[in-house]
Amino acid sequence: MTWLDTIILFLGSLLANTLAALSGGGAGLLQFPLLIFLDLPFGQALATHKVASVALGLGAALTHVRSGQLPLKFALYLTLTGAAGAVVGANLILHISTQFAETLLGVMILALGVYSRIQAELGQQESPQNRTVFGFTIGALGLFMIGVTNGSLTAGSGLLVTLFLVRFFGFAYKQAVALTLVCVGLFWNGIGGAAVVWAGAPIYWPWLPILLLSSLLGGALGAKLALKQSNRTIKLAFELLTVLVGLKLLFS
């Protein structure tokens with residue numbers, strides 16, 4: 001790798017993870033294609049991206065936990081329900097073709113972005129709902145399925161979780177983004193990344209230190225920006241990222 005490649009990798013990853021930490025997902029929109037652009041094979045790029053994205057969650061977690069605004073019991077629920085799906089997805093990716101799945105996911109994410117734009121007041125204030133035994137059971141099934149996409153596909157699962165928390169459980173966007181970055185970015189990606197390695201996917205180790213550093217810094221920077229912004233600003237960032245990620249999945 002040349003010095004120019006190193007700079008491109010660091011800055012591209014930093015930008016991707018900052019935007020993801022601000023809007024609640026979508027780091028794979030830039031970081032994964034960047035690895036492909038720098039000539040990593042698809043499988044190796046996916047595995048390397050999955051492992052590096054753990055640092056995004058760590059950087060965001062350090063910021064959000066210090067803020068004292070993270071509901072820890074709900075974070076534990078979110079972590080456990082989705083992590084199981086991430087393990088299943090990480091093992092599926094090595095045995096199935098991802099093109100059809102990514103197309104369907106792209107359509108869904110694009111539709112969710114449009115839906116959020118139409119619903120002008122969605123996620124502007126917390127409005128708790130479905131927080132009963134039955135609601136948490138149905139929610140666990142939904143989060144498990146999103147966890148499967150997290151373990152198996154390149155981008156978009158964090159955005160799905162963010163909107164699921166807003167629409168199904170009634171969180172405001174700022175709360176949903178914080179939960180997504182900590183639980184999905186750190187724990188789902190961490191468990192899914194370990195499962196990818198265990199399943200035999202190759203990691204490109206020489207680039208990993210650069211990706212870990214840029215992801216950590218981007219996660220912390222994006223989380224600080226998110227804490228300072230209004231729910232409406234974060235909602236707009238979320239909608240822009242969903243459209244871009246949806247289009248990327250459809251036409252990649």
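Select leucine 236: its relative accessibility is 41%, so it counts as partly exposed (buried is under 20% relative accessible area, exposed over 50%, partly exposed in between, with a 1.4 Å probe and protein chains only). This is a predicted model, where local features need pLDDT of at least 70, side-chain atom pairs count only at pLDDT 80 or more, and totals for chains, interfaces and linings use all residues. Residues are numbered from 1 along each chain as its sequence is written, and side-chain values use heavy atoms, with hydrogens and water left out.

**Stop 1: around leucine 236.** Color helix α10, residues 231–251; leucine 236 sits in it. Helices here are DSSP runs (H or I, at least four residues), strands are E runs of at least two, and both are numbered from the N terminus.

**Stop 2: helix α7.** Select residues 157–167. Is this helix enclosed or open? Helix α7 is largely enclosed by the rest of the structure, because 10 of its 11 residues are buried. Among the buried ones are Gly158, Leu160, Thr162 and Phe164.

**Stop 3: a helix pair.** Show α3 (residues 42–67) with α9 (residues 208–228). Two packed helices are described by the angle between their axes and the distance between the axes. For α3 and α9, the angle is about 35 degrees and the axes are 7 Å apart. Axes are lines fitted to C-alpha atoms, for helices over the stretch in contact, and angles run from 0 to 180 degrees between N-to-C directions. The crossing of α3 and α9 is right-handed: the near helix is turned clockwise from the far one by less than a right angle.

**Stop 4: zoom out.** Show the whole protein. How many helices and strands are there? The protein has 10 helices and 0 strands. Its C-alpha trace spans about 50 × 35 × 30 Å along the principal axes. Of the 252 residues, 54% count as buried. Among contacts between residues at least 6 apart in sequence, 85% join residues at least 24 apart.

Technical notes: Contact means heavy atoms within 4.5 Å.
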